Amino acid sequence: MRNRKTLSAAILCSAGVLAVSALTAGTASAAPSNLKGDFNGDGYADLAVGVPKATVGGKAKAGYVNVLWGSANGPARSTVISQNTAGVPGTAEAGDEFGSQLVTDDVNGDGYADLVVSAPRESLSDISSHRHGIITVLPGSATGFGTAFTAARGAHEGARIGESLSTGDYDDDGDRDLAYRSSNEESAGVLWQPGPVVPAPAAPAQSIVSYRFSGPTAIATGDFDGNGTDDLAVTYTGQEIRGTAVYSWEQGAPVRDWSTPDYAASLAVADFGKDGADDLVLGGVRANPEVEETYCPQAVGGTVRTVDGEPGTGLGSAHVCLDQDTPGVPGTGESGDDFGAAVAAGDVNGDGYPELAVGVGQEALGSEAAAGSVSVLTGSAHGVDGGSGGYAFHQSTAGIPGAAEAGDRFGAAVALTDLNGDGRADLAAGTPGENSSTGGVWYVPSPATATPAGARALTPNSLGLTGAVEHGGVFGR
């Protein structure tokens, strides 16, 4: 049996944020809120930040998760969870990269959000260079997180499971399922592990798709035909092929029912038009050079493509291509900007229509290369486009703490979630290059205008974290 250790706790009076590592951290609640992302049922969504390159107990890249607990004032407490935390399986070891991918979902149906965490470089043998990978579930509860358990293990030494990760009820049996990347020597694909998500699943993982000399880079869950059953979107790239496909389940088995030769760096899902079917966002979209067909001309600096879902039909050909030279989209397209390398959806102005946050982590600001920025594209009844006027934030924007500096990569990760409970989504912008790559998260409450108020910088120093490397590079989805 491996030993477990507990990281020390620290109260930073100046920041008003508590950093602890017990799974029971958080404000107790009498009943679950059934709110997405609310781990402790207090009525406020929480934000999980993955720090897979963090040093834990002297072990480089062992990795941990930093949970920022929501409150009426936004993030108010901070919890650190690693494989050295009591109640978490395993032991923090060099190179595990615990926290590489994070998914927030109520996988056990008790009304509390649970956190699904991957450690794709975990070795399950006595050979440290093996990379089986594991997926761990931290169950939510009234007092924080309950006892964690391992929900999936890599089947062989190079599987590296969980480099991409999602959850959903794909086979429509009432149980949440896992979907995750698994690699082989010359290929990689997506496995589906039917629910329920438990320590010893009754059904083995099944292959959805595999790509030779290629592999999935992102996966996401949505109901693209509005039938009430989850579908799975997979974007993939490699030496020979690239593209994006959507799988739905028929008679308990996955079937590809939509595809495009366009590959994306990131994916997001939302019902932008409020028609009852989810739409798919392809961030940082790239055309497949091996085919003539492409939906978005290759734009300097990066492109975002939104594909419309339709009730009863699913994704079709209706789409919008957006780049920094599109009218209404802030900025100017420049080589290497990486517009769309991160995308997230949420309603920031309370009108019922989701906005789209677009991370531009490599954006140069003046002479500061890769300082980074975030664009917010407003939503309406006709969906998200540049016509209704977007706006951008960066660390030199009035009201945003700090200063834009080369290599900060502000916006390398983005999230839109209601951390203060006012019914409108707040922006979290990851800045993994901040302070010599210790990183940080910039919290911007309900950024519905180009002049936001109440923004705060949550850095490892202000949170009392140790061993942080590129904090803010991974957010729970």
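Q: Which residues of S25 are buried on one side, and which on the other?
A: On one side Glu-355, Ala-357 and Gly-359 are buried, and on the other Leu-356, Val-358 and Val-360 are buried, so that both faces of S25 are covered. Buried here means under 20% relative accessible area, exposed means over 50%, and partly exposed lies in between, with a 1.4 Å probe and protein chains only.

Q: What kind of model is this, and which pLDDT cut-offs apply?
A: This is a predicted model, in which local features need pLDDT of at least 70 and side-chain atom pairs count only at pLDDT 80 or more, while totals for chains, interfaces and linings use all residues. Residues are numbered from 1 along each chain as its sequence is written, and side-chain values use heavy atoms, with hydrogens and water left out.

Q: Why is S25 largely enclosed?
A: Six of the six residues of S25 are buried, so the strand is largely enclosed by the rest of the structure. Strands (E, at least two residues) and helices (H or I, at least four) are DSSP runs, numbered from the N terminus.

Q: Which strands make up the open sheet, and in what order?
A: The open sheet has four strands in the order S24-S25-S26-S29, with antiparallel pairing, and two strands count as paired if DSSP finds at least two bridges between them. The edge strands, each pairing on one side only, are S24 (342-346) and S29 (391-393).

Q: How many bridges join S24 to S25?
A: Five bridges join S24 to S25 (residues 355-360), and these two strands run antiparallel.

Q: Switching topic, how many disulfides does a search of the whole structure find?
A: The search finds one disulfide, which joins Cys-296 to Cys-321 with an S to S distance of 2.0 Å; the cut-off is a pair of cysteine sulfur atoms within 2.5 Å. The link of Cys-296 and Cys-321 is left-handed, with -85° about the S-S bond.

Q: Which parts does the pair tie together?
A: Cys-296 lies in the loop between strand S21 (279-283) and strand S22 (303-307), and Cys-321 in strand S23 (residues 319-323), so the pair ties together parts that are 25 residues apart in sequence.

Q: Is Cys-296 buried or exposed?
A: Cys-296 is buried, with a relative accessible area of 4%, whereas Cys-321 is partly exposed, at 25%.
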